[in-house]
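Hi there,

Here is the structure I promised to pass on.

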Amino acid sequence: MEESGLEGLRFALLGPLRGWRGDVELGLGSPQQRAVLAMLVLRRGHAVGIAELVDGVWGERAPAGAVSMVRTYVSRLRKVLAPGRPSEVLVSVGDGYTLRKEAVTSDLVECEDAVARAKRQLDAGDGEFALRLLRQALGVWESPALAGVPGPHAESARADLAERRLGALELRLRVELGLGRHEAVVAELLTLRDAHPLRESVSELLLLALYRCGRQADALEAYARTRRTLVDELGIEPGPALRELQGRILAGDPSLIPVVEDTGGGRTGPAVGHGSDSTAHNGSSVGDDGNVVGEDTGSPPGGTGSHPPDVAEGVPGSPQPVSGLLPPAVVAGIARARPSQLPADLALFTGRRYELDCAETQLGMHEATASASSAAPVAVLDGMAGAGKTTLAVHFAHRIADRYPDGSLYVNLRGYDPGGSRTDPAVAVEAFLVALGVAPHDVPEGLDARAALYRSVLADRRVLIVLDNARDSEQVQPLLPSAPGCLVIVTSRSRLSGLVARHGARPLTLGLLSAEDGRELLARRLGEERVAREPEAADAIIELCARLPLALSVVAARAAHHPGFRLTDIVAGLRDDHGSLDAFVGDDAGFDVRTVFSWSYHALSPEAAALFRHLALHPGPDVSVAAAAALAGVERRRVRALLGELTGASLLIEHRPGRFVFHDLVRAYAGELAESEDEPDVRRAALVRMHDHFLCTAHNASSVLDPFRELIALPPGTTDVARLRFDDRADATAWLRAERYVLRAAVAHAAAHGFDEHTWRTVCALDVYFNRLGYWHDLVEMNGAALRSAEKVGDVVGQAYSLCGLGVAHSQLHHAEPSLRHLERSLELFRQAGDRAGQARAHRGLAYLANRTDRRPAALGHYAEARDLYRAEHDLNGEAGVLNQVAWTYILIGEHASALDKCEKAVALYEEMGDPYGEASTQDTLGYALHHLGRYAAAVERFEVSAELFHRIGDRYLEADVRRHLCDSHRAAGDLNSARMALGSALALLEEIGHGEAVEVREALRELDAVEREGTD
C-alpha cells in the first residue's frame, strides 16, 4: 500500500503528551514544539492558522520571532512524524497547517468514541455493555490531560477535557444506578460530591443512590447539605430537578426504586437516563465590540433573543444547546484563561538574601505538607512603610512563578491609601474572576457569592496570588482560595495576626536594609566606581535614609540624574533639609523621610510640581495621560514631558504604557502638598477640568458606539481640555475598557464632592458601553449615585434617566420588583418633564422586563406606546428599534408571520437612515422568522445579508453568530456542504477573536461531519 508510511501514528493526550509510530515512541521535542503538536492533534484534520499557533503557544507574550519559531517547530515535527516523507503527514493549508486525519489517532478519540458507543448502547437498552465501554474509557482518562504542555491553548484544552471526563463519570454512575448497583456507588458519589459541592447533578445521583439503599434520612440530609452550600456560597436555591427529587424522596415515592433484572444483557424498570442532567447553562455572551448578546428570554435555541432597551435591539446570539460532553462551564468560558498579572520585576533588585532564603524555606515547608492540607498556603510579608515589601514580594513571585503553571494574579488592595479608597474585596474578587475567564456579566452579586465562585474556579488549579498592601485580615480573607495547590503572598504594614491565627499563615517581617545591601543598592544604581570613590559618604546616605529602601531609591535616582554631584554634597543636603512625614519615622527619631521626598519635589520644574500635587486629587487606581492633562490644564503633548519628569525623579511609576500610579506613600506626600500649597479654588478648578474630561470623553465615546441614540446635552461652560474624540468604535471601546475602574471611581468621587451634574450625565453617557458588556452590578451602583445627585439638585430629567438605568440593570439581574418600581417612576418623571424620547425609553425598559417575566401582551403594549412616542418625535431609528423588538416578541409567541411584517418595516427604516448595525440585527431576526416558517432559501438570503453587514461593521462575534444561523437553515434545507462551510466560517471568526463559544462550534462542526459521513456510507 502506497501510504503505509503515513499510518500508525498514535498520540496520548490524556496525560503527558506522547507519540508513537507503530511501536516506536517518538521524541517530540521542546515544550513549545509539543504545544504546536498538541494543537494540531486536537484539531483532528482541520487547519490551524499560523497566528492561532502563535497565540496558542505564547498568548500575549509571544516573542518577536514567534512566527519563524513555529515554522521551525513544524519543520522538525514533519521529520519526526514521517521521516522520508516529511510533508505528507503534516500538510500546509493556506497560512497554516493540518495533520492528515486518516494518518493519526489518539487516546482521546478512542475514549470519546467509547463514550459515544456507550450512549448508543444505553439507548438500545444494553446497560451492561454501555457500562463496560464507559469503564474502559475512564480507565484511560485518569491523568491530567496534556501534562507538561505549555501555553494558553493547552490550558484551555485541559479545562475542557477535565469537564468532559467529569461528564463521562457522571454518565457511568447513572448507568450503574440504572443497573441497580446503588450500594456499590454510594462511597464514590460521596467523594465526588465533596470534590464538587456545587454540582447539582452529582448531588442528584447521590440522593437517588442513598434512597435506593434504604437510607431516606441520609438522602434528605445530603439534600439539606447541598442546599446550604448553594445558598451560603452562591446565594441561590437548588434547581427544579433536585428540588423535585427531594420532594419525591420525602414522600417515599416507590417509583424511584427500579425493578432490576441483572441477566447480563440489559435492564428493566425505571432508571436515570443519560440525558437527565439537571444542570443547564443560562448566560450571555459578549461580542468583540462589547455588545451583550444571548440574554435568556425564553427564546428557542439558536434565536436572537430580546435585548435590553437602547442597547442592542434584536442582536443575535442565544446560547445553542450543549452537545456531546461539553459542560456548560466550558461553553460559558469559565476557567479557560491563564492570567499573568505580576508587575514587572525590578531589574536592579539587590540584597534581601536572608529574606529570600526564609521565603524559599517556608515555601518548601508548605509544598511538603500541601497534600495533607485542604487550604492554600499563605505567606504574610509585613513591615514598615517603604521597607520594600512589594518589591520583594514581586521579585520572589517571579522566581517561583514557573511552579504555578495555571498563572498568576495580582491586586493592589490600597490598604493605606491616604484618600481612604481601599480596594473593596468584592471588586478585587470580580477582577480576579474576569482574569480567570468568567464573563463579566456572569459574576454574581455580593461578596460571598463572588468568593464562592472564585474558590470553585481555582479548585483544581495551581495559581500564584499576590495580595499587595492589605489593610487587615478582613480585606484579605475573601481573596483566599481553598485549593492547596495555590500560593498566596500578602504584603501589609500590619502583622495580620488574624491570618496567622485562623489560616495558619507564615509571617515574615521585613526590616530595614543591611548596610551591605544598602551599599549594593547604591552601587547598582550609581556605579561601583562612584560609590568606591566616596565610601564614607555612601555609608552616610544609607544611614540618613534609615536604610529604608524607598527613601534610598529616591536619593539614588536623584544622584543618578546628576552624575557630577559629589555624594558628600548629597549627604549635606539630607542633613540640612529635615521635615516631618510622620508615616516614615524609623528607629532614629531625628530622621524623617519627608526630607527625601521634598528634596526630589523641590528639584522639579514649577509645572511638574503643580502636576505632582494635582495628581493626588485623582480618585482612580491609575491616571492616563489625558486625565493628567485635564488636571494640569495643559495640552497632552506638554503633560507627557511633565509626567516623564516625575517618573525620572521616582515620584511616579508608569506601570503600563501611558498609565501612571503613585506609590501610596508618595501619594500621601503629594496630597499634603496639595492641601498646603494650593488654594481651595485652585484644587476645585483642577477637579472641574478632570470631571469635564471624563464626562465629555464618555459622551464622545457613546456617540460613536451608538450614533443614532439620543444624547444628553453637555452642561454649559464645560471645559475642552484633554477631551478625547474617537474615529471608530474600536477606539472608543478601547478607552472605555482601559478606564472602566477609573470611571467608576470618578462617578463616586463626583457624587461625594458636589459635582452632581457631572455624576448623572456621566453615568448616562456610560450606559451604552456598560450595558453592552453586561456590567449590571456597576450600573446599579453608578445609577444609584446618579439618582442621589439628580435628586440633590432637583433635576427631574436626571432622576428619570437614572431610574431608567437602574430599572434596566435590575431587570438584567432578574430583580423584577425593583426593576418595575424604578421603570414606572422613571416613566412618570419623563412625562412630568414632557420628554417623549425619555418616555419611549422607559416603555422599552418596561417591555423588556415584561418579556423577561413571560408577559408578552404587556410587552407588546409598552412597545406600542414607545413606537407612538418615537413617531411623534420623528425618531425613525427609535421606531425601527421598537419594530425589531416587537418582531422578536412575536417570535417568542410563535407568530412568525407577524414578526416578518415588523422586520420588513424596520429594515426599510434602517435602510432609509443608513444604519447598518440596526439593519444587520433586523435582517438576522427576519431570517430567523423565515427559518421557522420553513422558508429556508429566503432565510439563507437574509442571513447572508446580515452577515455581510456585520462583516463591514467589523463585528466578528455577531457575524459568526449569524453564520451559525445560516448553517441551521442550510442544514434544514438538506444542503450539508453549505451548512458545513457556514459553520466553518463561524468557527474561524470565533477563533480569530479568541471567543469561548469556539469550543461549542467546533463540537457542532464535528457532529455535522459525522452526519455527512453517515449520509455517504
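E128 and R181 form a salt bridge, with their closest N and O atoms 2.3 Å apart. By salt bridge I mean a side-chain nitrogen of Lys or Arg within 4 Å of a carboxyl oxygen of Asp or Glu. This pair links distant parts of the chain: E128 sits in helix α5 (residues 127-140) and R181 in the loop between α6 (152-178) and α7 (182-195), 53 residues apart. Helices here are DSSP runs of H or I with at least four residues, strands are runs of E with at least two, and both are numbered from the N terminus. E128 counts as buried because its relative accessibility is 9%, whereas R181 is partly exposed, with a relative accessible area of 22%. The cut-offs are under 20% relative accessible area for buried, over 50% for exposed and partly exposed in between, with a 1.4 Å probe and protein chains only.

Before going further, a word on what you are looking at. This is a predicted model, in which local features need pLDDT of at least 70 and side-chain atom pairs count only at pLDDT 80 or more, while totals for chains, interfaces and linings use all residues. Residues are numbered from 1 along each chain as its sequence is written, and side-chain values use heavy atoms, with hydrogens and water left out.

The protein chain has an average pLDDT of 80, and 84% of the residues score at least 70; pLDDT is the predictor's confidence in each residue, from 0 to 100. Residues 1-6 stay under 50, and the model gives them 9 contacts beyond four places in sequence, a contact being heavy atoms within 4.5 Å. Over residues 260-333 the pLDDT is also below 50, and this stretch has 252 contacts beyond near neighbours in sequence. Where pLDDT is low, the predicted coordinates should not be read in detail.

Back to the charged pairs. The structure holds 50 salt bridges. One of them joins R44 to E112, the closest N and O atoms being 2.8 Å apart. R44 lies in the loop between α1 (31-43) and β4 (48-49) and E112 in helix α4 (residues 107-123), so the pair ties together parts that are 68 residues apart in sequence. Both R44 and E112 are buried.

Another salt bridge connects D472 with R422, at 3.5 Å between the closest N and O atoms. Here too distant parts of the chain are linked: D472 is in the loop between β12 (464-470) and α16 (473-476), and R422 in the loop between β11 (408-412) and α14 (425-435), 50 residues apart. D472 is partly exposed, with a relative accessible area of 24%, and R422 is partly exposed at 43%. Through shared partners, salt bridges also join R44, E112, D160, R164, E1003 and R1006 into one network.

Next, the strands. What is the strand order in the open sheet of 4 strands? The order is β3-β2-β1-β7, with mixed pairing, where two strands pair if DSSP finds at least two bridges between them. The edge strands, β3 (24-25) and β7 (104-106), each pair on one side only. Strand β2 (residues 18-21) runs antiparallel to β3, joined by 2 bridges, and W20 stands opposite E25 in β3.

Strand β10 (residues 378-383) is worth a look as well. β10 runs parallel to strand β13 (residues 487-492), with 5 bridges between them; in β13, I489 is the bridge partner of A379. Strand β14 (residues 506-510) also pairs with β10 in the parallel sense over 5 bridges, and T509 in β14 is the bridge partner of D382.

Finally, the nonpolar cores, meaning sets of buried Ala, Val, Leu, Ile, Met, Phe, Trp, Tyr and Cys residues joined through side-chain atoms within 4.5 Å. The largest has 83 residues, and those with the most contacts inside it are L604, F612, L615 and L643. Helix α31 (residues 756-773) supplies the largest share of this core, 8 residues. Apart from it lies another core, of 81 residues, among them L37, V104, A168 and C213.
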